[in-house]
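Work through the following exercises with the model open beside you, and try each task before reading its solution.

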Amino acid sequence: MASTLPSKIQRSAVVLSSAVVRISARSAVSPAAALHRALSAPTRGLVTSPQNRVIPSRLAPACSTQAKASRNTKNLGQVQTRCNSDEASPVKLREWGFEDINAALPSSTPNSPTHKPIILIDVREPAELKGTGIIPSAVCIPLASQGDALYLTPDEFETRFGFPKPDPVESEGEPAQMVFYCKAGVRAKTAAHMAVQAGYDPANIGVYMGSWLDWERHGGKVERWEGDDI
(Lines give C-alpha, C1' and ligand atoms only; values in the text may rest on other atoms or scores of the structure.)
Protein backbone atom coordinates (compact mmCIF):
# COMPACT_ATOMS: atom_id res chain seq x y z
CA MET A 1 0.00 0.00 0.00
CA ALA A 2 2.82 2.32 0.91
CA SER A 3 4.64 1.53 -2.32
CA THR A 4 1.64 2.23 -4.56
CA LEU A 5 0.69 5.55 -2.97
CA PRO A 6 3.70 7.47 -4.17
CA SER A 7 3.12 6.18 -7.70
CA LYS A 8 -0.45 7.52 -7.71
CA ILE A 9 0.74 10.79 -6.35
CA GLN A 10 3.39 10.96 -9.05
CA ARG A 11 0.84 10.24 -11.79
CA SER A 12 -1.50 12.91 -10.41
CA ALA A 13 1.32 15.38 -10.40
CA VAL A 14 2.11 14.57 -14.03
CA VAL A 15 -1.55 14.97 -15.06
CA LEU A 16 -1.81 18.24 -13.17
CA SER A 17 1.39 19.53 -14.81
CA SER A 18 0.07 18.63 -18.27
CA ALA A 19 -3.20 20.47 -17.58
CA VAL A 20 -1.32 23.56 -16.45
CA VAL A 21 0.80 23.49 -19.62
CA ARG A 22 -2.32 23.19 -21.79
CA ILE A 23 -4.09 26.05 -20.00
CA SER A 24 -0.99 28.28 -20.30
CA ALA A 25 -0.67 27.50 -23.99
CA ARG A 26 -4.35 28.26 -24.55
CA SER A 27 -4.08 31.55 -22.63
CA ALA A 28 -1.06 32.74 -24.60
CA VAL A 29 -2.55 34.91 -27.38
CA SER A 30 -0.52 36.32 -30.23
CA PRO A 31 -0.28 40.13 -30.50
CA ALA A 32 -2.32 40.11 -33.73
CA ALA A 33 -5.09 38.08 -32.09
CA ALA A 34 -5.06 40.37 -29.06
CA LEU A 35 -5.45 43.47 -31.28
CA HIS A 36 -8.30 41.78 -33.19
CA ARG A 37 -10.01 40.91 -29.90
CA ALA A 38 -9.58 44.49 -28.66
CA LEU A 39 -10.99 45.95 -31.87
CA SER A 40 -13.95 43.57 -31.68
CA ALA A 41 -14.68 44.37 -28.03
CA PRO A 42 -17.90 46.17 -26.86
CA THR A 43 -17.97 49.91 -27.55
CA ARG A 44 -17.55 51.08 -23.97
CA GLY A 45 -14.77 53.67 -24.09
CA LEU A 46 -14.68 53.50 -27.89
CA VAL A 47 -16.10 55.62 -30.69
CA THR A 48 -17.52 54.52 -34.02
CA SER A 49 -16.27 56.11 -37.22
CA PRO A 50 -18.59 57.05 -40.13
CA GLN A 51 -17.53 53.81 -41.82
CA ASN A 52 -18.87 51.84 -38.77
CA ARG A 53 -15.36 50.81 -37.74
CA VAL A 54 -14.54 50.78 -34.06
CA ILE A 55 -11.64 53.07 -33.19
CA PRO A 56 -9.92 53.28 -29.79
CA SER A 57 -11.18 56.35 -27.90
CA ARG A 58 -7.68 57.84 -27.62
CA LEU A 59 -7.78 58.43 -31.38
CA ALA A 60 -11.14 60.23 -31.25
CA PRO A 61 -9.96 63.73 -30.15
CA ALA A 62 -8.00 64.30 -33.38
CA CYS A 63 -11.07 63.54 -35.50
CA SER A 64 -13.29 65.64 -33.25
CA THR A 65 -10.86 68.56 -33.34
CA GLN A 66 -10.70 68.39 -37.11
CA ALA A 67 -14.50 68.44 -37.35
CA LYS A 68 -14.68 71.43 -34.99
CA ALA A 69 -12.03 73.25 -37.00
CA SER A 70 -14.03 72.61 -40.16
CA ARG A 71 -17.19 73.97 -38.55
CA ASN A 72 -15.33 76.99 -37.17
CA THR A 73 -13.87 77.74 -40.60
CA LYS A 74 -17.33 77.55 -42.14
CA ASN A 75 -18.77 79.83 -39.47
CA LEU A 76 -15.89 82.28 -39.95
CA GLY A 77 -16.71 82.49 -43.64
CA GLN A 78 -20.33 83.22 -42.80
CA VAL A 79 -19.35 85.95 -40.36
CA GLN A 80 -17.03 87.54 -42.91
CA THR A 81 -19.83 87.50 -45.49
CA ARG A 82 -22.22 89.18 -43.08
CA CYS A 83 -19.64 91.79 -42.12
CA ASN A 84 -18.92 92.56 -45.76
CA SER A 85 -22.61 92.94 -46.51
CA ASP A 86 -23.12 95.11 -43.42
CA GLU A 87 -20.27 97.37 -44.47
CA ALA A 88 -21.71 97.98 -47.91
CA SER A 89 -21.84 101.77 -48.22
CA PRO A 90 -25.19 103.46 -49.04
CA VAL A 91 -25.79 105.62 -52.08
CA LYS A 92 -23.59 108.70 -52.01
CA LEU A 93 -25.73 111.84 -52.21
CA ARG A 94 -24.66 115.41 -52.82
CA GLU A 95 -24.21 117.50 -49.67
CA TRP A 96 -25.29 121.14 -49.90
CA GLY A 97 -24.02 124.05 -47.85
CA PHE A 98 -25.38 127.49 -47.05
CA GLU A 99 -23.76 129.17 -50.06
CA ASP A 100 -25.09 126.48 -52.39
CA ILE A 101 -28.65 126.88 -51.13
CA ASN A 102 -28.52 130.67 -51.08
CA ALA A 103 -27.19 130.84 -54.64
CA ALA A 104 -29.87 128.46 -55.93
CA LEU A 105 -32.84 130.32 -54.46
CA PRO A 106 -35.13 132.15 -56.91
CA SER A 107 -34.16 135.80 -57.26
CA SER A 108 -36.45 138.75 -57.90
CA THR A 109 -33.67 140.58 -59.71
CA PRO A 110 -34.33 140.35 -63.48
CA ASN A 111 -30.68 140.37 -64.52
CA SER A 112 -29.50 137.82 -61.94
CA PRO A 113 -27.72 134.76 -63.34
CA THR A 114 -29.81 131.66 -63.77
CA HIS A 115 -29.04 128.69 -61.57
CA LYS A 116 -29.87 125.04 -61.71
CA PRO A 117 -33.46 124.66 -60.45
CA ILE A 118 -33.88 123.44 -56.89
CA ILE A 119 -36.78 121.91 -54.97
CA LEU A 120 -36.33 122.58 -51.25
CA ILE A 121 -38.12 120.12 -48.97
CA ASP A 122 -38.41 120.82 -45.24
CA VAL A 123 -39.08 117.55 -43.41
CA ARG A 124 -39.79 119.07 -40.01
CA GLU A 125 -43.24 118.93 -38.45
CA PRO A 126 -45.71 121.82 -38.98
CA ALA A 127 -45.48 122.83 -35.31
CA GLU A 128 -41.74 123.43 -35.75
CA LEU A 129 -42.26 125.52 -38.87
CA LYS A 130 -44.75 127.79 -37.15
CA GLY A 131 -42.13 128.70 -34.60
CA THR A 132 -39.16 129.24 -36.94
CA GLY A 133 -40.43 129.81 -40.46
CA ILE A 134 -38.92 128.15 -43.52
CA ILE A 135 -36.28 128.78 -46.16
CA PRO A 136 -37.92 130.73 -49.01
CA SER A 137 -39.64 128.56 -51.66
CA ALA A 138 -39.45 125.38 -49.51
CA VAL A 139 -42.34 122.94 -49.23
CA CYS A 140 -43.13 120.90 -46.13
CA ILE A 141 -43.21 117.09 -46.23
CA PRO A 142 -42.90 116.02 -42.56
CA LEU A 143 -40.88 112.84 -42.21
CA ALA A 144 -42.12 111.62 -38.82
CA SER A 145 -45.87 111.84 -39.45
CA GLN A 146 -45.89 111.36 -43.25
CA GLY A 147 -43.21 108.75 -43.85
CA ASP A 148 -45.05 107.29 -46.85
CA ALA A 149 -45.39 110.61 -48.69
CA LEU A 150 -42.85 109.94 -51.44
CA TYR A 151 -44.38 106.53 -52.14
CA LEU A 152 -47.81 107.99 -52.92
CA THR A 153 -49.09 108.40 -56.46
CA PRO A 154 -49.14 112.01 -57.72
CA ASP A 155 -52.93 112.22 -57.24
CA GLU A 156 -52.80 110.80 -53.72
CA PHE A 157 -49.93 113.14 -52.84
CA GLU A 158 -51.69 116.28 -54.05
CA THR A 159 -54.91 115.29 -52.30
CA ARG A 160 -53.09 114.92 -49.00
CA PHE A 161 -50.65 117.85 -49.16
CA GLY A 162 -52.39 120.34 -51.41
CA PHE A 163 -49.50 120.80 -53.87
CA PRO A 164 -48.05 118.65 -56.68
CA LYS A 165 -45.72 115.82 -55.81
CA PRO A 166 -42.09 116.90 -56.40
CA ASP A 167 -40.78 115.60 -59.71
CA PRO A 168 -37.30 116.82 -60.74
CA VAL A 169 -37.68 115.51 -64.28
CA GLU A 170 -40.71 117.68 -65.02
CA SER A 171 -38.75 120.88 -64.44
CA GLU A 172 -37.91 122.94 -67.49
CA GLY A 173 -34.49 122.28 -68.96
CA GLU A 174 -32.23 120.03 -66.91
CA PRO A 175 -33.70 118.07 -63.95
CA ALA A 176 -34.05 119.96 -60.69
CA GLN A 177 -32.24 119.04 -57.49
CA MET A 178 -34.44 117.88 -54.61
CA VAL A 179 -32.67 119.14 -51.48
CA PHE A 180 -33.89 117.95 -48.09
CA TYR A 181 -33.34 119.80 -44.83
CA CYS A 182 -34.61 119.65 -41.25
CA LYS A 183 -33.34 121.19 -38.03
CA ALA A 184 -29.83 119.71 -37.83
CA GLY A 185 -29.51 117.36 -40.83
CA VAL A 186 -30.32 113.93 -39.37
CA ARG A 187 -33.93 113.69 -40.56
CA ALA A 188 -32.99 115.30 -43.86
CA LYS A 189 -30.45 112.61 -44.62
CA THR A 190 -32.97 109.88 -43.78
CA ALA A 191 -35.60 111.47 -46.01
CA ALA A 192 -33.14 111.76 -48.90
CA HIS A 193 -32.36 108.04 -48.76
CA MET A 194 -36.07 107.28 -48.55
CA ALA A 195 -36.54 109.27 -51.75
CA VAL A 196 -33.97 107.05 -53.47
CA GLN A 197 -35.79 103.96 -52.20
CA ALA A 198 -39.04 105.42 -53.55
CA GLY A 199 -37.53 105.50 -57.04
CA TYR A 200 -36.03 108.99 -57.38
CA ASP A 201 -32.73 109.27 -59.22
CA PRO A 202 -29.86 109.68 -56.69
CA ALA A 203 -28.26 112.16 -59.10
CA ASN A 204 -31.18 114.51 -58.40
CA ILE A 205 -31.15 114.13 -54.60
CA GLY A 206 -29.22 116.28 -52.13
CA VAL A 207 -29.01 117.00 -48.40
CA TYR A 208 -28.46 120.31 -46.66
CA MET A 209 -26.39 118.85 -43.83
CA GLY A 210 -26.36 121.98 -41.67
CA SER A 211 -30.10 122.42 -42.23
CA TRP A 212 -32.09 125.07 -40.36
CA LEU A 213 -29.54 125.67 -37.60
CA ASP A 214 -26.85 126.42 -40.19
CA TRP A 215 -29.20 128.59 -42.22
CA GLU A 216 -30.16 130.62 -39.16
CA ARG A 217 -26.54 130.94 -38.02
CA HIS A 218 -25.58 132.42 -41.39
CA GLY A 219 -28.48 134.87 -41.35
CA GLY A 220 -30.30 133.31 -44.29
CA LYS A 221 -33.61 134.70 -45.46
CA VAL A 222 -36.67 133.39 -43.64
CA GLU A 223 -40.17 133.00 -44.97
CA ARG A 224 -43.16 132.65 -42.68
CA TRP A 225 -44.91 129.33 -42.93
CA GLU A 226 -48.65 129.62 -43.16
CA GLY A 227 -49.60 126.07 -43.95
CA ASP A 228 -52.03 123.91 -41.99
CA ASP A 229 -51.26 120.86 -39.91
CA ILE A 230 -50.97 117.87 -42.21
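**Exercise 1.** Find which residues Gly 147 touches, not counting residues up to four places away in sequence, and decide whether Gly 147 is buried, partly exposed or exposed.

*Solution.* Taking contact to mean heavy atoms within 4.5 Å, Gly 147 touches Pro 142 and Met 194. This is a predicted model, in which local features need pLDDT of at least 70 and side-chain atom pairs count only at pLDDT 80 or more, while totals for chains, interfaces and linings use all residues. Residues are numbered from 1 along each chain as its sequence is written, and side-chain values use heavy atoms, with hydrogens and water left out. Gly 147 and Met 194 are 47 residues apart in sequence, yet their C-alpha atoms are 8.7 Å apart in space. Finally, Gly 147 counts as partly exposed because its relative accessibility is 31%; buried means under 20% relative accessible area, exposed over 50%, and partly exposed in between, with a 1.4 Å probe and protein chains only.

**Exercise 2.** Work out the strand order of the sheet and describe how β7 is paired with β3 and with β6.

*Solution.* Begin with the rule that two strands pair if DSSP finds at least two bridges between them. The open sheet has 5 strands in the order β3-β7-β6-β4-β5, with parallel pairing, and its edge strands, β3 and β5 (139-140), each pair on one side only. On one side of β7 (residues 205-208), strand β3 (residues 94-96) pairs with β7 in the parallel sense over 3 bridges, and Glu 95 has Val 207 as its bridge partner. Strand β6 (residues 177-181) is likewise joined to β7 by 3 bridges and runs parallel to β7, with Met 178 standing opposite Ile 205. The chain passes from β6 to β7 through helix α7 (residues 186-197) in a right-handed β-α-β crossover, meaning that, with the strands pointing away from the viewer, the path from the first strand over the helix to the second runs clockwise.

**Exercise 3.** Determine which way each residue of β7 points, and then find which residues have the most contacts inside the largest nonpolar core.

*Solution.* In a regular strand the side chains alternate between the two faces of the sheet. In β7, Ile 205 and Val 207 point one way, Gly 206 and Tyr 208 point the other way, and all are buried. A nonpolar core is a set of buried Ala, Val, Leu, Ile, Met, Phe, Trp, Tyr and Cys residues joined through side-chain atoms within 4.5 Å. The largest such core has 25 residues, and Ile 141, Phe 180 and Ile 205 have the most contacts inside it. Its largest share, 6 residues, comes from α7. A second, separate core of 18 residues includes Tyr 208 and Trp 225.

**Exercise 4.** Locate Ser 211 and identify the backbone oxygen that its side chain reaches.

*Solution.* Ser 211 is found in helix α8 (residues 211-217) and counts as buried because its relative accessibility is 0%. The side chain of Ser 211 reaches the backbone oxygen of Tyr 208 at 2.7 Å. Beyond residues up to four places away in sequence, Ser 211 touches several residues, including Tyr 181, Lys 183 and Ala 188.

Note on methods
Helix = DSSP H or I, 4+ residues; strand = E, 2+ residues; numbered from the N terminus. Polar contact = N/O pair within 3.5 Å; in protein donor to acceptor, adjacent residues only side chain to side chain.
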